[in-house]
Amino acid sequence: MADLPQFQVLLEGILSADNNIRTQSEAALDTLPEPTRLALLVQCVRKQDVSLEVRTMACILLRRMFTTNFEELWPKLPPELQNGLKTELLLALKEEQTPAVRKKICEAIAELARNMLDDNGTNNWQDVLKLMFELASTGNPGLVEGALHIFTMFPGIFGNQQNHYLDVIKQMLGQSLQTRNAPQVVYEAVRATTAFLVNNEKETHVQVHMKDLLPHIIQGVADSVTSQEDDSVLKCLIEMAESTPKFLRPSIEQLFPFCLKLMSDRELPDSWRQLGMEVIVTMSETAPAMVRKYSKFIPLLVPQVLAMMVDLDEEDEWAFQDEVEDEDHDSNAIAAESGLDRLACALGGKTMLPHIVATISTMLSHEDWRYRHAALMAVSACGEGCHSQMELMLDEIVNAILPYLSDPHPRVRYAACNAFGQLCTDFGPNCQRKFHEKIMPGLLSVLDDDSVPRVQAHGAAALVNFSEDCPKGILVQYLPTIITKLELLMTSKFKEHVEKGNKLVLEQVIVTLASVADTAEDKFTEYYDRFMPCLKYIIQNATTDNLRLLRGKTIECISLIGLAVGREKFSQDCNEVMQLLLKTQTDQQDLADDDPQISYMISAWARMCKILGKEFQQYLPMVMGPVLKAASLKPEVALIDSDDMKDMENDEDWQFVTIGDQQNFGIRTAGLEEKATACQMLVCYARELKEAFAEYSEEVVKIMVPLLKFYFHDDVRIAASESLPCLLECASIRGETYVSDMWSNYICPNLLKAIEIEPEQSVLPEHLNSFAKCVEKLGKGCLSDADTEILVTLMNRLLQNHFERQAQRQEKRKDEDYDDVVEEGLMEEDDEDVYILSKIADILHAFFGTHKQEFLPVFEKVMPYFIKMLATDRPWADKQWALCVWDDVLEHTGPMSAKYQNMFLQPIVEYITDKQSEVRQAAAYGIGVMAQFGGLVYADVCPECIPRLVSVIEHPDSKQVENINATENAISAVVKICKYNGSKVNVDEIIPRLMHWLPVTEDPDEAIHIYNYVCDLLEANHPGVMGENGANLPHIFSIIAEAIMQEILESSSDVYMRLLNIVRQVQTSEEMFQACLAQCSHEQQKALSDALSK
């Protein structure tokens, strides 16, 4: 086929509503040689007597060819054809009379121009630039709009000539923005200017150059609101607020009132009002400090947002809906609730909370239920963002909400349950500790609300929030009442389900029961038999499709109860439950990827694995299939152009990321959570079963390693990374060669690559941690020279980034909008960076621990950073982690470390008395390992350290919670100097003081050293310990009793047995034993009695 009429028929077929005709036509189109297809499409576009629909489709297909296949297609075309196509397209634009077709021609031209830009930024199609300026100055609105639309679609069209043309670009946009007699030109100019500014968001000089256009942009947006034709112009303000908020700063005094007016205008469609709110919300998120400077608008903004939350309809069936529909995110109420949440998180409680409180105080007493409902939902929405401020007034908030649990209107009662549930989540466990006597009875009373199942279910859901973060001791106080209520509810709702099919409350009761059991743990054992028969019955009989969720939640409940009560109690039902789960799998082999039962079963199997331990191995052949299938799920991914995007952007099953100017990358989200759950469960199996999981280790490694680059879901990458050291351990039963090959040829290179390219600061530490654990498991020689060089390069880059990001934060502190809330954000960024630094230190720790002094040549390549971090002007966290690294050098290389002592020794000594306890702890630990492993080369520095260590130990606040770990490390350091490196120290003078520093009860690692030394001294009858005629013995006895009571030492350890033997020696003298016991508390006496009786 090569003639135009036949090609025209083919395009008409593609437009057909008949699927068969359309499919055949698309197939026929694909068979045409691409050069032929390209030429015919351009001819179709140019031929005026062809139908509008066919010409439009020709433009779309033309653009699609330029988008998807340009690099293969274009070089194959002869130069004359290339030039002919470009010329024809430009002529088509100049001559086209139909606006819709002209727009599509512009989009095809823009896509071709995008591809004409070379790697140096040179546009090799200069004619399109000339035509743009020519059309923009014609005065013909259609042609001006066309020139602007090309610029909108490809704002980078000027390439490396942009600065040269900057004045001309500004003139073109400025003139177009002021063409008020041609609204479509103004609107396209707003879109084009926005696209240009967003494309140059990091080019400050461009933003400054264009600032005069801002008033005209806002006027154009205002005109578009008045005409109500196209909301894409209003959306331009959102784009600028997101990408270039500082550009909007000069017009905030006009912009805020404009947006507030939109929000309050009930004549406008809801979507337009919400867009007005979105401009402010987005700007608050991207430039919160700037918005806070205009705080005079906040008292106007908050009531408007809350007024939109009141926009609810009375729904007669609401109270009895058994299938709760997803929230209508297009409604004003839901959009405004989300907006309030985001504003609170962005602007902070100091700015937002006073105005929220002032507004909702009056709303709570309003006679219209919708105001009370909105006020309570506002409390739920602002907890995260206003956390610090709300925490100080929790008592008032709890007292304010309580009466509404019994409000006359069911939706207000629902909102009160929601508020308490959110408070327990946002402020737990302190909220539960302080207010359980008020909240728990209130929520339990809601469970009696049989008249409104929807509220009853939400009350039970709030109990889940309460239970999840509730200290066990508090929940147990209410356990009999909770169990009685849940048992009655389960019985009645199960009966109701059998008779009427209702399941909403029953599902929620089962979830609540699971949560309560999870927190109560062994205290749930006495109630186990009251629920298990019913739960097993539901699994056995809830087999229809509409009961899949009920069944899944019941599976979860049973497994959580089993984990709570423990293996001994659960053993009576364990096998039957496993058979029920396996039957589910075999009976329903073809479960859909998004079947809720899958994730519940996968999680349940992992809990069963924890309960059964190695005995779970027998079930692996049956359970691994669905877990591996879910973990291997390949999500549906698509590259979507802007037109398709408009049709799909409200589809909740898809998530989108915009790439470049007009490319949208979409992923179908169905099954993603299940995939993440399955990956986490595989980690659980590998960790719990170890060598019993060996036969699956290779298959699971082949699934997990590629998932290190699964950028659609952070939890999948984290699970993949976490699994690797566990899988290496599983595979160890297959021999050293097998494990070495798995690591060297597959895991290691991919894990190093993941560290290099990981985009999320929150995920990167997990990769580093995984690498460190792998090194610890594999030991000496695990890295080739090539991989070692890669690791050094990565560490150098990460450490360089660490310093650069700190410098950037210092620059942000000089910004005109800097305030204390900005500082909080900067400190959060700092915490992220420090966490990454700690994981780099972990990697170095792993290498020093396995390779000892042989690692020093590698360490020297990153050593300068850790010297620099010891400087007095560095943040305390830098000092802490640098000290930890030097501690490893001392501990694992011993006397060899002395060649670096000029770089680290004096800082370690000085930081013993640093004001920050974490720094003191790291320094004290370093002195301890220096004394223990450093040898005589460090003997001279030990006397210098003693006074500093003693000053830390004997400081009045040394035993305070924040100081105790540093103090115990200082005690241990003194002990190690005395024991291992005391040649230049008066040990006999120190030992009597040592007894007054004890007991130590917080640091189990250092406790071993300290108590072993105490045993050494006691066994040698050292007079400095025993005192005259053994006068110190009762005090020493109480120290040992406290150590045993606090369980600071493992009962199987040598030092524990040494202490116990000392107690037994004292016991041989009944009189002395009783005298010593008299010095002990009742709890210490009981701990000793229990220890001696074993």
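Guide: Contact here means heavy atoms within 4.5 Å. With that in hand, Leu-143 touches Leu-93, Lys-94, Arg-102, Leu-135 and Thr-138, leaving out residues up to four places away in sequence. One caveat: this is a predicted model, where local features need pLDDT of at least 70 and side-chain atom pairs count only at pLDDT 80 or more, while totals for chains, interfaces and linings use all residues. Residues are numbered from 1 along each chain as its sequence is written, and side-chain values use heavy atoms, with hydrogens and water left out.

Visitor: What makes Leu-143 count as buried?

Guide: Buried means under 20% relative accessible area, exposed means over 50%, and partly exposed is in between (1.4 Å probe, protein chains only). Leu-143 has 12% relative accessibility, so it counts as buried. Leu-143 sits in helix 9, residues 141-153; helices are DSSP runs of H or I with at least four residues, strands are E runs of at least two, and both are numbered from the N terminus.

Visitor: And why is Ser-176 called buried?

Guide: Ser-176 comes in at 3% relative accessibility, so it gets that label too. Its place is in helix 10, residues 162-177. Leaving aside neighbours within four places in sequence, Ser-176 is in contact with Val-144, Leu-148, Val-185, Val-186 and Ala-189.

Visitor: What does UniProt place at residues 97-257?

Guide: An unreviewed UniProt entry puts "domain: IPO4/5-like TPR repeats" there. UniProt positions are given in the numbering used here, feature names are shortened, and annotations may be inferred rather than shown by experiment. In the model, that span is 70% helix and 0% strand, and its end C-alpha atoms lie 40 Å apart.

Visitor: Why are helix 24 and helix 26 called roughly parallel?

Guide: Angles under 35 degrees count as roughly parallel, over 145 as roughly antiparallel, 65 to 115 as roughly perpendicular, and the rest as oblique. The axes of helix 24 (residues 410-427) and helix 26 (residues 453-468) cross at roughly 10° and come within 8 Å. Those axes are lines fitted to C-alpha atoms over the stretch in contact, with angles running from 0 to 180 degrees between N-to-C directions. The pair is therefore roughly parallel.

Visitor: Which residues make that contact?

Guide: Among them are Pro-410, Tyr-414 and Cys-417 of helix 24, plus Val-455, His-458 and Phe-466 of helix 26.

Visitor: How much of the whole protein is buried?

Guide: Of its 1094 residues, 55% count as buried. The secondary structure comes to 55 helices and three strands.
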